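This report examines a few local features of one protein model. The sequence and the structure are shown first.

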Amino acid sequence: MAKVIVVTSGKGGVGKTTVTANLGCTLAKFGDKVCVIDADIGLKNLDVVLGLENRVVHTLIDVVNGKVSAQEALVKHKQQRNLYLLATSQVATKEMVSPEDMKAVVKALHPLFDYIIIDSPAGIERGFRNAVAPAELALIVTTPELPALSDADRVVGLLENLGFDEKSMKVILNRFKSKMVKAGEMLTEQDVATTLALEIIGVVPDCEDVIIATNKGIPVVLNGDLNVTKVFENIARRLKGETIPLDQDLSQAQEKGFLSFFKNLFGKKRS
């Protein structure tokens with residue numbers, strides 16, 4: 001039976017969909033059968049990030065309306081055969097789906113997968129409530145900036161009102177820049193953990209390879225930066241209950257900065 005996870009945030013643009021795609025790919029690489037659901041109705045990005053936009057025939061709305069079953073609407077990933085996508089519609093609206101609809105869709109898929117990961121829209125409106133309704137664990141994505149952290153704190157409060165406790169909420173700190181943190185110009189992982197009073201389950205370094213991979217429709221863990229790949233592997237293992245110190249993520253961020261420095265240095269000399 002699947003573990004159902006929602007990836008959410010208070011603020012848009014913090015990398016939620018990228019986290020969903022890369023975490024789903026990593027768990028599938030480990031041999032788990034994974035379904036990722038795009039619950040950002042009206043916008044949809046997860047199919048594009050996964051490079052599957054041309055293969056989508058049916059969407060979440062078709063399932064909710066009874067046109068097809070949830071299983072019939074799934075799209076298998078081209079590289080990761082254990083990874084499936086339930087895409088959403090760009091022309092529908094969040095009001096066309098209810099939290100009860102989402103629970104029914106997830107219930108139908110529950111026996112087929114090891115993990116179901118729901119990509120939530122940003123914010124606190126109907127779309128957010130739809131996405132979190134079937135979830136047993138919430139991964140709150142934030143960046144080390146005060147506006148994102150403030151919005152994340154608000155989402156934590158809403159999740160608590162919906163029945164989530166501190167054990168069922170974890171934080172992924174995205175776009176972490178170790179150089180700025182060392183210079184005192186960016187919030188540290190301790191600042192974020194203290195503000196949200198939640199465990200940080202992963203620190204993803206800021207990396208241009210993530211942007212490049214996203215634009216190619218290939219998640220970075222399948223074709224990109226090894227440091228970021230290692231961090232997502234750490235997150236996946238922590239979700240499975242393994243104890244992996246957060247320092248391992250931070251060392252990847254520092255190593256990334258070190259390697260980038262020399263890459264840029266030698267790149268400039270050659271030019």
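Is Lys44 buried or exposed?

## Basis of the model

The model is predicted: local features need pLDDT of at least 70, side-chain atom pairs count only at pLDDT 80 or more, and totals for chains, interfaces and linings use all residues. Residues are numbered from 1 along each chain as its sequence is written, and side-chain values use heavy atoms, with hydrogens and water left out.

## Positive phi angles

Lys44 is buried, because its relative accessible area is 17% (buried means under 20%, exposed over 50%, partly exposed in between, with a 1.4 Å probe and protein chains only). Lys44 belongs to the loop between strand S2 (34-38) and helix H2 (46-49); helices (H or I, at least four residues) and strands (E, at least two) are DSSP runs, numbered from the N terminus.

Most residues other than glycine have a negative phi. Lys44, although not a glycine, has a positive phi of about 50°. Ala197 likewise is not a glycine and has a positive phi of about 55°. Ala197 lies in the loop between helix H8 (189-196) and strand S8 (199-205) and counts as exposed because its relative accessibility is 56%.

## Surroundings of Ala131

Ala131 is part of helix H5 (residues 126-132). With 0% relative accessibility, Ala131 therefore counts as buried. Leaving aside residues up to four places away in sequence, Ala131 touches Val6, Ala39, Ile118, Ser120 and Pro121 (contact means heavy atoms within 4.5 Å). Pro121 is 10 residues from Ala131 along the chain, and their C-alpha atoms are separated by 7.7 Å.
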